[in-house]
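I opened my notebook to go through this structure and its ligand. Here is what I looked up, in order.

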Amino acid sequence: MALLDEIYERGEVVTPKGEVLKVHSGISREEGEFIYNLIRNDRRISRTLEVGCAYGLSSLNICAALKGRNGAKHIILDPFQNTQWQSVGISNLRREGLSWFELVEERSEFALPRLAAERESQFDFVFIDGWHTFDHTMIDCFYATRLLGIGGYLVIDDANFPSIARVIRYLENYPCYQRHGSVKIASANDISSLVALQKRTEDLRPWNWYADF
Ligand SMILES: C[S@@+](CC[C@H](N)C(=O)[O-])C[C@H]1O[C@@H](n2cnc3c(N)ncnc32)[C@H](O)[C@@H]1O
């Protein structure tokens with residue numbers, strides 16, 4: 001996509017008011033390609049959700065990959081899109097004509113439980129890239145597991161952060177999850193910066209389930 005190429009080459013984005021800003025946050029080009037290909041390669045994916053939009057690098061990849069899909073709908077949770085991020089993420093989506101998204105400007109810890117109550121098992125793909133503490137990421141992933149249908153994907157960014165690596169170690173013990181793939185850090189090939197899990201069965205863990213992590 002020309003816009004993404006431009007953003008990665010220049011390391012800059014442009015606000016709707018025409019101000020040029022340095023990109024200081026967002027998935028790498030390689031991670032974006034991984035997400036794009038994952039969605040393109042599984043034609044069942046049409047209902048997607050992400051936590052954390054910022055300048056829209058992940059949103060652009062997700063929405064571009066959904067192009068042409070029947071019933072395509074991408075929900076973006078980000079409480080600071082129109083303030084801290086000056087609407088750049090959604091403005092980039094509009095510039096590219098990727099209109100099948102809905103921005104929910106709410107904190108994920110409040111929006112996700114509501115969505116899970118209303119739309120349990122109805123999502124095919126959830127991307128987590130919001131507030132990066134262990135407990136917050138765990139809460140996002142707890143609800144993501146409820147939101148995903150069987151066959152759906154949970155993709156988690158910054159898997160090399162100690163807090164997030166720990167969450168992934170716990171999730172990988174769930175019998176319902178199987179690792180689908182990852183993006184490795186170029187300078188440290190045994191460490192992943194992004195991990196994708198696939199929900200292969202219902203989450204049938206009993207009430208007192210625990211596995212060390
Ligand atoms: C690392 S950035 C996301 C980068 C983005 N995925 C990309 O590839 O361009 C983290 C984002 O999480 C958002 N965020 C922070 N706290 C949040 C919360 N409680 N709920 C949802 N999003 C949150 C921030 O506003 C920011 O946009």
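How do the residues of the shell around the ligand divide into nonpolar, polar and charged? I found 11 nonpolar, eight polar and four charged, where Ala, Val, Leu, Ile, Met, Phe, Trp, Tyr, Cys and Pro count as nonpolar, Asp, Glu, Lys and Arg as charged, and the others, Gly among them, as polar.

A note on what I am reading: this is a predicted model, in which local features need pLDDT of at least 70 and side-chain atom pairs pLDDT 80 or more, while totals for chains, interfaces and linings use all residues. Residues are numbered from 1 along each chain as its sequence is written, and side-chain values use heavy atoms, with hydrogens and water left out.

Of its 23 residues, Gly52, Ser58, Asp78, Ser108 and Asp129 come nearest.

Then I looked for polar contacts (pairs of N or O atoms within 3.5 Å). A polar side-chain atom of tryptophan 85 lies 2.9 Å from a ligand oxygen.

Last came the overall size. The C-alpha atoms fill a box of roughly 55 × 40 × 30 Å along the principal axes.

How values were computed:
Near = heavy atom within 4 Å. Polar contact = N/O pair within 3.5 Å; in protein donor to acceptor, adjacent residues only side chain to side chain.
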